[in-house]
Amino acid sequence: MVRGYDIIGDIHGCASELESLLAELGYRLTDGGYRHAQRQAIFVGDLLDRGPQQLRVLEIVKAMVDARSAQIVMGNHEFNAICYATEHPAGSGRYLREHGAKNDRQHREFLDQLTDGQRAHYLQWFKALPLWLDLGDIRVVHACWHEESMKSIERQLGSGRFNHPDQFVRASTKGDPLYEAVEIVLKGPEISLTDHGQPAFQDKDGHVREHARIRWWHADATTLREIAEMATNLTTEDGDPYPSLPDHEVGARERTYVYTDTVPVFFGHYWRKDAPLPTRDWTDYCACVDFSVAKNGKLTAYRWSGEPTINPKNYVQLS
């Protein structure tokens, strides 16, 4: 009987850290898979890309899911891998995810570390992963729990999973309702900075961005400064220090993404650093578990044992 869940953040090919964290959490390698006598792991997606041990990560996690000692939701990197490998139309030489310099670089380690047969095997598994989990007492999603987008996905897919190749085509086509809904759930909603009179900025990879991610987990956010997720030490596209965001009120549309339910929801995706901080990383009912393990951060889990609100003492990070 499962008496608790260990929600584990984005792994990105860091198998040594994953095995160390599983050992810290009390999981033991038995009959080829990690198991816990009373608990179950839940992975928030983004198993691949970046790190040096991607095949081993996939072997560990799939074995746990097959043995029912873990569950998993799809991350945007699993979705991207499927689309990168899917030619459309067949024989056209074009892919649902463009084979350009940026995408090639992001995906290079996955391509190099796995054989063609291994990639095909795991891509087939990725296609069947759920986009979210609602377990009654807790919820898990990769990037954003947004009921409207989830209902849209269920109407179009018939469930919270992809079940036909054509659905990946639609989910990769800008303007399609399925594309819009999947973008929210797997990548998170964004707010236009330029529409609010703010300059574009350069992100951590040097790409110029006009939109910021929305802090949908911050139920009390009403101003641009509170709702826009901005890293520190950003610059404008001209290289100047990025100005502080103003405290003016945002519109009702941006507020529609804010999570106001009282069921704890756990997510990854947002590349945190160091130890969890109030409001930024956790609120009463939302907790991020992505702490940038592939970027000199720490693989992180949250140990949930029935508590009705998030308790920051239940975070577990590798030292």
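Visitor: Why is Glu59 called partly exposed?

Guide: Glu59 has a relative accessible area of 34%. Buried means under 20%, exposed over 50%, and partly exposed in between (1.4 Å probe, protein chains only), so Glu59 counts as partly exposed. A word on the source: this is a predicted model, where local features need pLDDT of at least 70, side-chain atom pairs count only at pLDDT 80 or more, and totals for chains, interfaces and linings use all residues. Residues are numbered from 1 along each chain as its sequence is written, and side-chain values use heavy atoms, with hydrogens and water left out.

Visitor: What makes Arg56 and Glu59 a salt bridge?

Guide: Their closest N and O atoms are 3.7 Å apart. A salt bridge needs a side-chain nitrogen of Lys or Arg within 4 Å of a carboxyl oxygen of Asp or Glu, so the pair qualifies. Both residues lie in helix α2 (residues 54–66), three residues apart, about one turn of the helix; helices are DSSP runs (H or I, at least four residues).

Visitor: How do you know that Arg215 is buried or exposed?

Guide: Arg215 has 16% relative accessibility, so Arg215 counts as buried. Its salt-bridge partner Glu229 is also buried, at 14%.

Visitor: What makes Arg272 and Asp281 a salt bridge?

Guide: Their side chains meet at 2.8 Å, N to O, and both residues are buried. Salt bridges with shared partners join Arg215, Glu229, Arg272, Arg280 and Asp281 into one network.

Visitor: Why is Asp238 called exposed?

Guide: Asp238 reaches 67% relative accessibility, and therefore counts as exposed.

Methods:
Helices (H or I, at least four residues) and strands (E, at least two) are DSSP runs, numbered from the N terminus.
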